[in-house]
Amino acid sequence: MAHILRFRKLCFLEPVKYSSCDKAKAVEKKSVETPKVENEDQGAVSALLEENTKRKKQKKQPKEWRCIDSCCWIVGYMCTTWWLLLFLFHCLPGNLPGLKVPEPPGARLKREGLTALHPVVLVPGIVTGGLELWEGKPCYEDLFRRRLWGGSFTEIFKRPMCWLEHLSLDNETGLDPPGIRVRAVPGLVAADYFAPGYFVWAILIENLARIGYEGKNMYMAAYDWRLSFQNTEIRDQTLSRLKSKIELMYVTNGNKKVVVVPHSMGVIYFLHFLKWVESPPPMGGGGGPGWCAKHIKAIMNIGPAFLGVPKAVSNILSAESKDVAFIRAMAPGLLDSDFLGLQTLEHVMRVSRTWDSIVSLIPKGGETIWGNLDWSPEEGHVCDSAKKMYQQHLHNNRKNEYNSKGGTSFRVQELTKYGRMISFGKAASDLPSSQLPVFGSEEFVRGNSSPNSNSSCGDVWTEYNEMTQESIKKIAENKAYTVRTLLDLLRFIAPKMMKRAEAHFSHGISDDLDDPKYSHYKYWSNPLETKLPDAPDMEIYCLYGVGIPTERSYVYKLSASGRCKTIPLQIDSSADGSDNGCLKGGVYFADGDESVPVLSAGFMCAKGWKGKTRFNPSGIATYIREYMHKPPTSLLEGRGLESGAHVDIMGNVALIEDVLRVAAGASGAELLGDRIYSDIRKMSEKINIRL
Amino acid sequence: MSLLRRRKVPENEITQVPDPNSDGNEKEKEKEKGKNIIDKKKEIRKSQKQQTNWNCVDSCCWFIGCICVVWWVLLFLYNMMPYSFPQYVAEVITGPMPDPPGVKLQKEGLKAKHPVVFVPGIVTGGLELWEGHQCADGLFRKRLWGGTFGEVYKRPLCWVEHMSLDNETGLDPPGIRVRPVTGLVAADYFAPGYFVWAVLIANLARIGYEEKTMYMASYDWRLSFQNTEVRDQSLSRIKSNIELMVATNGGNKAIIIPHSMGVLYFLHFMKWVEAPAPMGGGGGPDWCAKHIKTVVNIGGPFLGVPKAISGLFSAEARDIAVARAIAPGVLDKDLFHIQTLQHIMKMTRTWDSTMSMIPKGGDTIWGGLDWAPEESYVPSKRRQRNNGTNEDENTESKVKRINYGRMISFGKDVAEAHSSEIERIDFRDAVKGSNVANHTCRDVWTEYHDMGFGGIKAVAEYKAYTAGDILDLLQFVAPKMMKRGSAHFSYGIADNLEDPKYQHYKYWSNPLETKLPNAPEMEIFSMYGVGIPTERAYVYRLTPAADCYIPFQIDTSAGENDEDRCLKDGVFTIEGDETVPVLSAGFMSAKGWRGKTRFNPSGIPTYIREYEHAPPSSLLEGRGTQSGAHVDIMGNFALIEDIMRIAAGAKGEELGGDLVYSDIFKWSEKIKLPL
């Protein structure tokens, strides 16, 4: 302590002494120069003023010192208080009376006597799985086996270009670029937390553990979510691993079938697996036709994107979704401008277009499912009064509610035309179809020359660079696109990506499922082009949140052509609709869980697979469990115990309870079957599909 | 107003400075002013006193702030530092470093071929909590073992409670589930910065290995081997994973790399997998031949380690014994009611796996009272590379022989005396006295408390214990533990391997009581470090009686001053890798399995690769690239290179066959074991 004080003295007092010495000299000088003026006030004042100016110069030094001192002092003060608070926080007993954490569902169910019975397989979705580096370019030499995706993302800020380079895939093959190997993190850590504190599977895992689950009967089927599904098998043998793990868990847990819990894109990944595992070897896993029936008890799809998500479209077109468009509107120029030469969106687009998996999320089923220019299954949806209607749902019976809905939709004159996934200009989204220009996809003519790209714009290359201004204009002239024409548009805009990816994914509806072409793997992840396996005892659940406005279709505009703007299209965030309040910031909203519209999540369970249909020949039982979104009541609840949002739903108490009960052996009927808040039944009825 | 203030303040300041040139008038004024000033100064002093109180806190804050800022700046600089900087510095100081073997072999064109399975040893694998008591709230899926060990300091008793197993069953205590961490992270680093497998993994990755071709066969190393299957199905997982990897890698057989106790675990696995279903894995008699190309044992304690004895007997190894000698009382005292050693002992005695490391083979292998295979060992003699042929009779005769066979002797004189001079009173029938420990010992319970003074005395009066006697000793000292352990492990030598009793799993991890699988194309390597003194035998003494204590401890005063210095701090040391003596690591490959023997009926070729220990030349090298120490050898470049060549498809002959520095062949000759 003593020497600390001495140290401080040295630092603090020395400059003062020094200045006082100087002052002494100054006074000497002054007394020599003007000895008589001292008594006179004015003279003194002037002298003092002079002196002051001199002294100010001299004082600057000590003042600087003090500034640093006080800075240090403040920092020290803050540090100490911080530590003190941290210390107190750690000393805080876990169960303060005021901060009582609600009992987790796992603990409650354990008291009810539930114990682990069926092994559980978790299949994460897109984006949430961690990726780590196994081989990299020199700029990332030190990051061996560190996470590039997931975790703290600090590397983005340190070396953004290097990061982008490593996360991209090869533009031709959709596999690793030469010299780079980025692989999925294995194990439960792959997707328990996406970023520190941002849970994905962690809460579900914790609750499962409470009723007795552990590493031996819980498996996270992590895969590289950037690849197309079949490529995960080709490159990493991920599907083979999954098969072997399920077989192992089945055997080591006393021949108990597994319960599979896929989330988001994991749902279609697992659909792919179901077909793969029963197909004969070179293309499939060779498990034989009874494999699924033997090994799988139930598939509990959380937030399933069975029929794709409209978000994927805006992502491919202009690398933006609602949030990005909103930022753009709030601070115009921030994202667009060449600020610091970053060209963020262009980079994002370039990288994400090498990811085949995004294509798997493009809406499937064409106009039959998603509606055409004039019609869409959700057209009666009323956004503003959505909440009110749900409450009616709870209290009134079905008929009453139907009437009231009819009333509201009559009051509002026009129905939202969700079927027009992309419209250029707000007007085009409202017009009756007869006034729209006739569309033909043949009109797209690709300019041979590439006048749009000039080398001064940095090295960010997107496929837009290969397009001529005229063809882009032509795109915009067509005004409105439905899902079917949208695919043509994407093929035109992103030819390489679509060519690559369409070898792996298909987006249609099959007429004849027995056609031998459907044994190709590209159809396996489309529920409308595959049959479910022959496993009558299996159960399929669709668990998803409702009550959050979800992107359904977009209003686009041509972006002002700047020197270096390589993305010519952007969401017209100025388009705000009065009708139904469904149009906001250039995006039409429908009911859903913020990412997946109800239609995509629920249709297969509500209609496509209900009973014995051609998509479900063995009559696998399906159940719909919807979870009404309730935002967290207080900050202490974090992301909410009753959230219905796409990822946050993994912390939803009701959902966790359902999963736990099924894992502990309950069947769908014991969960009391369907629980529906949305209009999914009505929407499904409107869809005219042969079953 | 501002003017006035300006006037006054500077005047005061000016007058503080004595002015030699001023005249009388001014002096008077000065005096008046001086009085004022003195008054003012007093006031100021008073106020300054308050300020100084403040200043103390202030300066503390200031000081902390300074440190924080400096720390942040350093941290920032460190983070901004290019990755290659430390290496650059190291190269400037010590000259160019050799390429890591991964880079070197990548240039040579080696490619990943065979899938690789790592089997970690005892202690190095991480354990995480899946279910715990109240005190461990918030630790769900956090590491209790491995990692930072932060919890040990925060809640030591809670930690001990969770790390212990059930004393009766050797499985989980009720309400607690601690499970092994899975994946490569289980044992790549033991603690932050302390690598175990990480270096090897990184080098393998250079030639193309990744998650799909590497598998860490992590298991709960506290359990007995068969119990890992009973509780976690660990063996089934390993089997399934090896099958998967062989299938997905185009039928290339797997390379198994066990380390330390993992060697025994994998020995157990090889028997288990071919044994029929209820007890074994039901893989059929040719499973190993079909799926395994090579077993590369690193630092394998095939015949056990003497360290295990001191660990079980008195919860101390050389390090602890030295700590005790330097600061007597710290570990023994009841200070803060901690009773560290007793707690450790209580905990480790619930771990069945420690018993797998008790020296096996009895007196035949480890020597009797007057005889030991290593008796001619001279540590000061520098060895050249020899292949067991050149013997130096001259030096041997001069040297005083050390009775390594007496694994535990009570008193230094006993350790050195001729066997005829030692009076031994058999302890086996000694009556265990009434409880020494009354209940003042709180909740720390060790079985010593059941033994009584009579028992303790009897143990000490037997004077010298050989490897065979030690089993009886442990039986006597810790009956419960040994009862549990002897159901899972055996320490003898089989006379007739065809005896059906050897189908029981308790014999599977003892290489002297099992046959290797029928897989003539397989290869077995024994790789281990040499050149480090390794514990081989101990000099014990009785501790002065206290209320709660472990009655025996290593006699750290027993040392030797001659140049050989095999005895130091109560421990006889021998050649080895700091933990495993050469005899244990090398004997099976040097003799027991060499050629077609009854332990190796199909004649699986065996190779010995020894790595001479060279300490790191500078601090920058970390734990060294030529280390031979038990764990640090995993960073030994020569060893890594050998492993990588094997993984890329090389055979034992292509590596150059045996590489021997120690006298292992000579020592093996002396062991009379029917083969």
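When I say that two residues meet, or are in contact, I mean that they have heavy atoms within 4.5 Å. Please keep in mind that what we are looking at is a predicted model.

Let me begin in chain B, where residues B:Phe225, B:Gln226, B:Thr228 and B:Glu229 of helix H8(B) meet B:Met261, B:Leu264, B:Tyr265, B:His268 and B:Trp272 of helix H10(B).

Now to chain A, which contains 23 helices and 17 strands, and in which 54% of the 691 residues count as buried. Six of its strands form an open sheet with parallel pairing, in the order S7-S1-S8-S9-S12-S17. Strands S7 (218-220) and S17 (621-628) of chain A stand at the edges with a single partner strand each, so one side of each has no neighbour in the sheet. On average, and ignoring direction, neighbouring strands here are turned by 15° against each other.

What joins strand S12 (residues 539-546) of chain A to S17(A)? The two run parallel and are joined by eight bridges, and A:Val546 stands opposite A:Met628 in S17(A). Across S12 and S17 of chain A lies helix H21 (residues 598-608), which runs at about 155° to S12(A). Helix H22 (residues 653-663) of chain A also packs on the sheet, touching several strands, including S1 (120-123) and S9 (296-302), and its direction makes about 170° with that of S9(A).

Terms used
Residues are numbered from 1 along each chain as its sequence is written. Chains are lettered from A and ligands numbered from 1 in the order in which they are written. This is a predicted model: local features need pLDDT of at least 70, side-chain atom pairs count only at pLDDT 80 or more; totals for chains, interfaces and linings use all residues. Side-chain values use heavy atoms; hydrogens and water are left out. Helices (H or I, at least four residues) and strands (E, at least two) are DSSP runs, numbered from the N terminus. Buried means under 20% relative accessible area, exposed over 50%, partly exposed in between (1.4 Å probe, protein chains only). Two strands pair if DSSP finds at least two bridges between them. Axes are lines fitted to C-alpha atoms, for helices over the stretch in contact, and angles run from 0 to 180 degrees between N-to-C directions.
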